[in-house]
Amino acid sequence: MSTINAPFNSRRSFLQTMAAVGVGTAATRLTAQEKIILAPPEEQAVDLTLPEPVKRKLGWAIVGLGKLAIEEILPAFAESKYSKPTALVSGHPDKAGKIADYYGIGQEHIYNYDNYDKLANDETVDVIYIVLPNSMHAEFTIRGLKAGKHVFCEKPMAGNVDECEQMIKASQETGKKLGIAYRLHYEPMNMKVMQLCKEKAFGDIKLFSSSNCQDVKAPNIRLSKELDGGPLGDIGIYSINAARYCIGQEPTEVFATAYHGDDVRFREVPQSVAYTMKYPGDVLASCECSFSTTESRRFRVVGTEGFVEMDPSFSYRGLKLFSQNAEKQLIQHSLPQVDHFASEMDDFSQCVLQNRETKTPGEMGLLDAKIIAALQKSIESGRAETV
Ligand code: NDP
């Protein structure tokens, strides 16, 4: 914080100055410099406290210009204090060119998937944001880290546990930061739930239930096995992750069952998955995810002395949070709505600027990948599986 002195600290000194320069006498002509005096002195703070100016916005390269990048991530930079878009990576140069013009990014900062590694020489880029199909996350994260850049990667971190481990290893070897885009960890209502659960505001948590469902039209990367699509990794992961931040533990055993059905969209990936997870301390989670229903995005945590519910909980906007305490009073919590993407990008930029750890590191993505792997194993075996 810095402090400056206002030019006038009393009405008298203001009036004296006005008289000295002859303000108020029609006959007097003022010089340009004298005319600067404008606002009344009583509105001027004697000691004006100013926030520390933002020193530098980090430059972000956006990799994969699909729906999420175009509709949510790029517009979110308008809300960012510490992040700005400085490069684009795309397989479609025309599209990338138009987007670059729109966001004031020079055409020389457009790359494709072959010359991607040249980002190493682009001094405008500090962070690479991977917004590609899930099957490409590991390769482009590792190449990005090896190019000497910090990497922020969309969820799910990768298609399998092995890839997640390789990504973490690359981050350790290069000394560059790796963050996973779990945007709800930067969203005030989900953060409030995390805090209330940690403080045991609802007694001992016993049950968690969650639904994350939507209708996915073909063609879509989510319907491709080769691109590591499927409802568990795409939307089921929100319930898996929320269960962790509400329950505060890892599941020991899981069971899942899935339907493909006759719809041609679901030849390669299931349309719906229902799954349960068992945690130490008699805690059970029951969850569902689907690509063939209307939108349903909610969770409820039930404890021995109350419950908390978010509906919707996982959407980009319009989230609602309710809780019931031991006296059975239902409370609707009112908290600011923020842009989730600006919030997560700015936090990661600050991690880089201040050299601190992100709260959504690769290790979190790996934990979720292990649970998803156990759930997939259970779908195949028809039995409960250990994590
Ligand atoms: P899209 O299919 O809309 O976009 C993916 C982009 O990846 C394409 O536009 C393309 O960009 C690029 N790409 C490169 N190779 C391929 C390929 N073989 N097939 C298809 N696309 C390819 O997907 P989304 O934007 O919806 O999702 C991208 C990622 O973001 C996924 O990992 C998804 O899980 C995640 N996501 C996260 C959300 C969140 O809330 N955090 C919400 C939605 C998605 P180009 O044409 O520029 O080459």
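Two strands pair if DSSP finds at least two bridges between them. My helices (H or I, at least four residues) and strands (E, at least two) are DSSP runs, numbered from the N terminus.

Before looking, I noted that this is a predicted model, where local features need pLDDT of at least 70, side-chain atom pairs count only at pLDDT 80 or more, and totals for chains, interfaces and linings use all residues. Residues are numbered from 1 along each chain as its sequence is written, and side-chain values use heavy atoms, with hydrogens and water left out.

I looked up the strand order: six strands make an open sheet, 5-4-3-6-7-8, with parallel pairing. Strand 5 (110–111) and strand 8 (178–180) sit at the edges with a single partner strand each, so one side of each lacks a neighbour in the sheet.

**Strand 3 and its partners**

I found six bridges between strand 3 (residues 58–63) and strand 4 (residues 83–89), which run parallel. Glycine 59 stands opposite lysine 84 in strand 4. Helix 2 (residues 67–76) packs on the sheet and touches strand 3, strand 4 and strand 6 (127–130); contact means heavy atoms within 4.5 Å.

On the other pairing, four bridges join strand 3 to strand 6, also parallel. There, valine 63 stands opposite isoleucine 130.

**Buried or exposed?**

Six of its six residues are buried, so strand 3 is largely enclosed by the rest of the structure. Leu58, Trp60 and Ile62 cover one side, and Gly59, Ala61 and Val63 the other.

Note on methods
Axes fitted to C-alpha atoms, helices over the stretch in contact; angles between N-to-C directions. Buried < 20%, exposed > 50% of the residue type's maximum accessible area, 1.4 Å probe, protein only.
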